[in-house]
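The structure is shown first.

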Amino acid sequence: MVAEASTILTKRVIDDTCIQQPFKLFVGSWNVGGIPPPHNFNLENFLHTQDSMEDIYVLGFQEIVPLNAGNILAAAEHSNISIKWNSLIKAALNKRTPTEDAFHKTEIGESQRVYPLTTQSSIKPRDTDYKCIISKQMVGIYLTIWARTEISQYISSPSVSCVGCGILGRLGNKGSVSIRFCLHETSFCFVCSHLASGGKEGDERHRNADAANILLRTLFPPEPLQHLPRKILDHDRVIWLGDLNYRIRLPEETTRSLVKNKEWNLLLQNDQLRAEMSKGHVFEEWNEGIIEFPPTYKYEQNLDDYYGSGHKGKVKRMRAPAWCDRIIWFGKGLKQIQYNRVESRLSDHRPVYGRFIAYVEVSTLPGI
């Protein structure tokens with residue numbers, strides 16, 4: 001599937017005032033379960049930098065801090081944790097080794113910013129370097145966007161909108177962080193969410209409600225000099241990623257048996273998200289790529305075994321395997337060329353990623 005990207009990238013669509021230029025996007029989502037990344041944690045496997053380098057990286061995390069009462073009620077943005085993740089991302093993208101010093105620059109103690117997070121460095125940037133365009137944390141949800149230095153000058157109007165859907169329908173233990181920006185003449189919107197949990201019948205309705213709330217309540221600030229969209233679906237290119245928490249509508253024993261036999265199609269026929277989308281209950285007219293990988297949740301800590309699979313007796317709270325972690329998109333101008341998961345034992349979730357070709361309008365008018 002990745003091989004066809006080279007063919008796609010040669011295409012141009014031209015009219016009187018602009019060309020449509022393809023850009024490569026990498027979109028990744030990871031529920032890290034409140035576990036801070038170890039020092040020198042290598043993210044190259046997650047970012048697949050060994051295979052190819054993309055133009056823009058969109059990385060969403062859930063539970064970068066434990067979802068305990070203190071973190072939720074304080075609603076504090078733990079910039080030391082987010083800066084640590086950003087330092088590791090920067091090291092992986094720019095092929096450098098992160099140092100302890102990078103985790104304790106002047107940003108520590110400052111409030112989380114809604115513009116590029118930078119760290120001081122004596123190393124002169126290279127043309128192929130990546131820089132952070134914008135990052136934002138809301139309790140455990142963290143969204144950070146990186147772009148090649150040479151194209152970052154064509155990115156404008158980055159902004160953020162956060163929606164809390166958790167306790168009391170407002171707190172940030174569940175909800176979304178959304179980021180929008182323009183690349184040349186095309187607007188992008190990325191939504192990173194953590195929707196309502198629960199494996200009981202009917203819990204999918206809470207997830208549907210969270211998604212509807214996020215679409216309703218997300219509102220980007222107005223741009224006085226530009227007529228930019230303020231709502232998610234009004235943007236030209238829209239991608240939603242995160243721990244959507246949808247489960248499989250089968251008895252647990254049946255689910256585990258089908259997972260063991262790698263019967264993905266039978267499992268997906270009973271996937272809550274697919275079912276709710278087909279009924280028009282949520283994400284109507286959204287798209288998802290073909291799933292050909294095992295469920296991403298729930299794993300035993302530091303093992304490749306699903307939670308509960310090694311217990312002879314009953315465990316307190318069983319969790320049947322499910323594709324909780326998803327990437328979906330809306331509208332035209334996006335072509336997914338890869339959709340897969342990553343094998344990492346850091347948390348009880350496996351990360352997912354998607355590679356896309358995004359078609360961007362580039363003006364051919366002089367001076368624009």
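Which residues do ring pairs link into a cluster? The model is predicted, so that local features need pLDDT of at least 70 and side-chain atom pairs count only at pLDDT 80 or more, while totals for chains, interfaces and linings use all residues. Residues are numbered from 1 along each chain as its sequence is written, and side-chain values use heavy atoms, with hydrogens and water left out.

**Aromatic contacts**

The cluster consists of F26, W30, F41, F46, Y57, F61, W85, Y130, Y142 and Y353, linked by ring pairs. Rings of Phe, Tyr and Trp (its six-membered ring) pair if their centres lie within 6.5 Å; planes under 30 degrees apart count as stacked, over 60 as edge-to-face and the rest as tilted. The whole structure holds 22 aromatic pairs. Two of them are tabulated here.

| Pair | Centre to centre | Angle between planes | Class |
|---|---|---|---|
| F26 and Y353 | 5.5 Å | 5 degrees | stacked |
| W286 and F330 | 5.3 Å | 45 degrees | tilted |

F26 belongs to strand 2 (residues 18-31) and Y353 to strand 13 (residues 352-363), so this pair ties together parts 327 residues apart in sequence. W286 lies in strand 10 (residues 286-288) and F330 in strand 11 (residues 325-330), so their pair ties together parts 44 residues apart in sequence. Strands (E, at least two residues) and helices (H or I, at least four) are DSSP runs, numbered from the N terminus.

R350 lies over the face of Y299 at 3.8 Å from the ring centre, and R207 over that of Y246 at 5.5 Å.

**Helix 4**

Just after helix 4, K95 takes a positive phi of about 55 degrees.

**Residues of the pocket lining**

Helix 6 (203-217) and helix 7 (252-260) each supply at least two residues of the lining of the largest pocket.

Key
A charge sits over a ring if NZ of Lys or CZ of Arg is within 6 Å of the ring centre and within 35 degrees of the ring normal.
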